[in-house]
Amino acid sequence: MRRPFVRVVSRIFPPEAGAASLRLGAVVDELARQRVATEVVTTTVPLSDGDSVTGRATIRRLPVLRDAKGYVRGYAAYVSFDVQALFAQIFSSSRPAVSLIEPPPTTLVAARLASWVNGVPYVVYLPDVWSRAARACSPRWVATALELMETWALKGAEATIAINEEVALFAKKHGARRVHVVPNGIDTDLFTRCGPRLTSSQRHRVGLSEAPYVLYMGTANSWHGADVFIRALARVRDHIADHLVYLGRGDQWAQLRGLAREYGLSDRVHFIDAVPAEEAACYMRGASAAAVSLKPGSGYEFAYPTKLFAATSAGVPVLYAGVGEAYTDVRDERLGVAAAHDPRAVAEAWCRLGDGVWEGERLRAWTQRHRSASACAASVCEILREVAAEARTH
């Protein structure tokens, strides 16, 4: 790039936990490694000091609406960011060579409007399809409106980065001009086999004592169907010693707590709010397995949960419940045990998990070979470089 400057626009970015944070953080790290100046337009986080300059990027944080738990969730919250991000892009004193935009669809629409005004080409990073998921849990008009927004934004993008072939097919059908498939990855330097684990005092504070535990890490929304693990544990509580730890957040959180009480499992099921990635890695290293789920019929069957890679990168086997490409990988690559999204099937798989011998180094090697975040980020940066170079010649 003659003018090495990339702008990343996303409502979520480190230190906030989430798959998007990990993915975009890796891209920004790679841009820094390539000595490309980067500006990130994102949201303020609790206790943050607003705008900052780090060793890898200039971070511009905008105040937004958050729910009672401090999350940027719901379309009012999204739009509170999008409107500010739109003006931040239009009236910025610096003009980037290219912008990288993360959904939701409202943010994508703001990106196309900004591009129309300032002439900056943008690339859509498409990890999922919001309109398809909305059809399973929202009124039809909401899903239709989201699809219209996605289509309009995709048509205006110079390129679209999809996380798998199914998302890519959606993008192509909805007007995207150039679609690249770059799978999600994980920071294999962060989620490692060696490193700190929970201390005795931390384990006692959580309620684990010395018990083994299966860890569900990350977001638990309705399309994940993370309740299946509590229902499965209720079936095998007398046959296995594992506790179940939920670490993260999501709209299913209250339901999960209630379900644990209903089944009399409050002493075996523990809930911890989202923590920084470094601390999450400590939880993962000490787990006997990682619980990962994707509920059929949710509209998200095409997704690939990033939490699966966090587990295998740390050498931890996976207890998978659900459908999709992840199910096939867990089964065929022997990354753990895979079951249908059904309490009885998951309970049986949970018991088989304890009977297996899992080679942690082999699990980690598979992740480094297939799902390294640094390799995925390098592919994204190459796409950004190509778009910027083409825009310069026009």
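These points go through a predicted model, from its nonpolar cores to a few of its helices and strands.

1. The largest nonpolar core holds 63 residues. Those with the most contacts inside this core are V27, L100, V123, Y125, I161 and V380. Helix α15, residues 373-393, gives the most to the core, with nine residues.

2. V123 can be followed in detail. Leaving aside residues up to four places away in sequence, V123 touches V98, S99, L100, I101, A159, I161, L384 and V387. Two of these neighbours, L100 and I161, are themselves among the residues with the most contacts in the core.

3. There is also a second, separate core of 40 residues. Its members include L215, L247, V292 and A311.

4. Helix α3 covers residues 105-118, which is 14 residues. At 1.5 Å a residue the helix should span 20 Å, and its end C-alpha atoms are 20 Å apart, so the two values agree. After the helix comes G119, whose phi is positive, near 75°.

5. Is α3 mostly covered or mostly open? It is mostly covered, with 10 of its 14 residues buried. The buried ones are P105, T106, T107, L108, V109, A110, A111, A114, S115 and N118. Among the elements that cover them are the strands β1 (5-9), β5 (98-101) and β6 (122-126). The helices α2 (75-90), α4 (130-137) and α5 (140-156) also take part in this cover.

6. Helix α5 has 17 residues, which should span 24 Å at 1.5 Å a residue; the end C-alpha atoms are 25 Å apart, which agrees. Its buried residues are V142, A143, L146, E150, T151, A153, L154 and G156. They pack against α2, α3, β6, α4, β7 (159-162) and α6 (165-173).

7. T151 lies in α5. Its relative accessible area is 15%, and the limit for a buried residue is under 20%, so T151 counts as buried. The side chain of T151 reaches the backbone oxygen of E147 at 2.8 Å.

8. Strand β12, residues 289-294, has six of its six residues buried, so the strand is largely enclosed by the rest of the structure. Both faces are covered. A289, A291 and S293 are buried on one side, and A290, V292 and L294 on the other. V292 is also one of the residues in the second core.

9. β12 pairs with strand β9 (residues 213-219), and the two run parallel, joined by two bridges. V214 has A289 of β12 as its bridge partner. β12 is also joined to strand β13 (residues 318-322) by five bridges, and these strands run parallel. In this pairing V292 stands opposite Y320, and L294 stands opposite G322. The chain passes from β12 through helix α11 (residues 307-313) to β13, and this β-α-β crossover is right-handed.

10. What encloses strand β13, or how much of it is buried? Five of its five residues are buried, so β13 is largely enclosed by the rest of the structure. β13 pairs with strand β14 (residues 336-339) in the parallel sense, over four bridges. A321 has A339 in β14 as its bridge partner. With helix α12 (residues 325-332) between them in the unit, β13 and β14 form a right-handed β-α-β arrangement.

Conventions:
Residues are numbered from 1 along each chain as its sequence is written. This is a predicted model: local features need pLDDT of at least 70, side-chain atom pairs count only at pLDDT 80 or more; totals for chains, interfaces and linings use all residues. Side-chain values use heavy atoms; hydrogens and water are left out. A nonpolar core is a set of buried Ala, Val, Leu, Ile, Met, Phe, Trp, Tyr and Cys residues joined through side-chain atoms within 4.5 Å. Buried means under 20% relative accessible area, exposed over 50%, partly exposed in between (1.4 Å probe, protein chains only). Contact means heavy atoms within 4.5 Å. The expected span of a helix is 1.5 Å times one less than its number of residues. Two strands pair if DSSP finds at least two bridges between them. A crossover is right-handed if, with the strands pointing away from the viewer, the path from the first strand over the helix to the second runs clockwise. A polar contact is a pair of N or O atoms within 3.5 Å; within protein, one must be able to donate a hydrogen and the other to accept it, and residues adjacent in sequence count only if both atoms are side-chain atoms.
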